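Subject: Structure handover

Hello,

Here is the structure I promised you. Please open it first, then read my notes below.

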Amino acid sequence: MNRTIASFSLPLLTALALSGCMTPPTDLNVALKRSTEQGKYVVTLQPPAAAPAINQIHSWQVLVASPAGAPVSQARIAVDGGMPQHGHGLPTQPLIRRELADGTYLLEGMKFSMTGWWEIKLALQTPQGPDKVTFNVVVDNPATKR
Amino acid sequence: MNSRINSLAASVATLLLAATAVAVISVAGGSPAHAGPAAADPWSAGELRTIASMNMGKLAPAPVDPSNSVEHLPAARALGKRLFNDTRFSSNGAVSCASCHSPDQQFQDGLPVGKGVGLGSRRAMPIVGAGHSPWMFWDGRKDSAWSQALGPMEDAVEHGGNRTRFARLLATHYRAEYEALFGKLPDLSALPPDAGPNGNATEQSAWSALPAARRTDVSRVFANMGKAIAAFEKTLAYGPAPFDRYADAVAAKDPAARGMLNAREIEGLRLFIGKGQCVTCHNGPLLTDQSFHNTGVPQRDPRRPDRGRAAALAKVKADEFNCLGPFSDAKPEACQELAFMVTDPAGLEAAFKTPSLRNVALRPPYMHAGQFATLEQVVAHYARSPAATVGHSELAHGAGAHKERKPIQLSEREIKDVAAFLGTLNGAIVERAGR
């Protein structure tokens, strides 16, 4: 699990080392567990077990909990995002349509069309009220042949 | 005396070495990371990873198209190749797929816009490697190669035909080959000579007059034609280019790499993956992210703006030949691209598909309506980054709409260098039996 998260994490930013718009900011928060903007929820983004190839449609899981750690059920979550340095949005419209277990949701239809810094923005609507969170994911060149 | 000649020779040798070192540093742009003796590896670790990601050797086989159950069959490829070249499948008997996608001309026609029975509004795309793309055409209005093949056949300015006419032609000239693949042809004898939903008023009214079951029969034959053509098209692939041999050599730290590309081409590659920002969209072994972008390309006809992807969203969803349609061989859950398609046109006004740059130097003119005659003009366009007249360009220009994106700044010489690098992407086109 740590190995696969490493594909998206900060240490590999130094390996990118490309000039111009290709280098993400060095102070980028790439944590996959974050509080929402108004502090209502703690959201964890779980990448797939096998790092997807570029342009391969794949799924993540989203865990929604209260600040105390209790799973939050029946959330409706809208997904948006894009590459801030390139001025374009996501190449697909990912959807969260299924709650797999209490507070665990399936995020389907994710696709990265290139390496670099991506934002994944989640807008949550739950019985406890709406809130938002943005995750930063830095996609690196896969090491293996795809 | 010998010692004086030797020391003179040594001084000359030192001068020559210094001159060479200076030349190498200036080629490398003089940045601290690249200064140093000529023997040093000119690429950083990050650049090496990017170069490796563009190597043709990294290209996975084209994905299986679940909606086309015959795409891997040799008989389908053979039938498809014959149909691809058959000019009878047009209203004037003179237009085949090969008319605009000429096998002798990189499977395109070298014209700004396609010329079939009439004049089109967009550039013929080179179909090699199209199996790697989830969306076909500059605007992605078709979601498979077989569905794409059917579009021009019923387009009034391309083949100008209709599916009923085509079904009869198949029955007349290709009955045995068709039936071996798709089973018995329906009885077409009582059908009108010309009828189709995309034809002129007469053809459309002849089509609506047919019972639904007959229309489905004819549409199925038409769909099967497309599937055979797509099976043939999927056999076409790009062979390795000088860039790929260079990429192999630098990955292996082979000193012979230095002789494979010249200094201009290497500098062009550095700019392509660096401050030229080209690789942000032209990435991977085919040098495309297979996505849609607005980069402010000038409209061919400002009086009739081309909205690109934005206008295609409804078309692909409504296409009877899409992955979810009745003629698709795919289970609905396999139609992921369609299920998760971006449906909000806001960011897609005048956005067009990033084309592959393989063999690009061999097929001017460039952009969706052939707006630029040379690669230097293309690169100069990016260096200018003009505002879009329809929609919004993703590129930064002037003050920049996106504060995180830097403007692309390239000198005249750097523009030429990028064009020189693009010339290293030329390989053979290979027709092969495997995927």
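Start with a charge over a ring: B:Arg309 lies over the face of B:Trp135, 4.5 Å from the ring centre. Bear in mind that this is a predicted model. There is another such case: B:Lys227 lies over the face of B:Trp146, at 4.8 Å from the ring centre.

B:Trp146 also belongs to a cluster linked by ring pairs.

Over all chains, the structure holds 13 aromatic pairs. One of them joins B:Phe89 and B:Phe166. A pair of aromatic rings is described by the distance of the centres and the angle of the planes. Here the centres are 5.6 Å apart and the planes are at 45°, a tilted pair. This pair links distant parts of the chain, 77 residues apart. B:Phe89 sits in the loop between helix 3 and helix 4 of chain B, and B:Phe166 is in helix 6. Buried means under 20% relative accessible area. B:Phe89 has 1% relative accessibility, so it counts as buried. B:Phe166 has 0%, so it counts as buried too.

Now look at helix 14 of chain B, residues 375-384. Which of its residues are buried? They are B:Leu375, B:Val378, B:Val379, B:His381 and B:Tyr382. Seen down the helix axis, they fall within an arc of 150°, so they line one face of helix 14. These buried residues pack against helix 15 (412-422) of chain B. Just after helix 14, B:Ser385 takes a positive phi of about 45°.

Best wishes

How values were computed. Residues numbered from 1 in each chain as written. Chains lettered and ligands numbered in written order. Predicted model: local features only at pLDDT ≥ 70, side-chain atom pairs only at ≥ 80, totals over all residues. Heavy atoms only, no water. Buried < 20%, exposed > 50% of the residue type's maximum accessible area, 1.4 Å probe, protein only. Helix = DSSP H or I, 4+ residues; strand = E, 2+ residues; numbered from the N terminus. Arc of directions from axis to C-beta. Contact = heavy atoms within 4.5 Å. Phe/Tyr/Trp six-rings, centres within 6.5 Å; stacked < 30°, edge-to-face > 60°. Lys NZ or Arg CZ within 6 Å of the ring centre and 35° of its normal.
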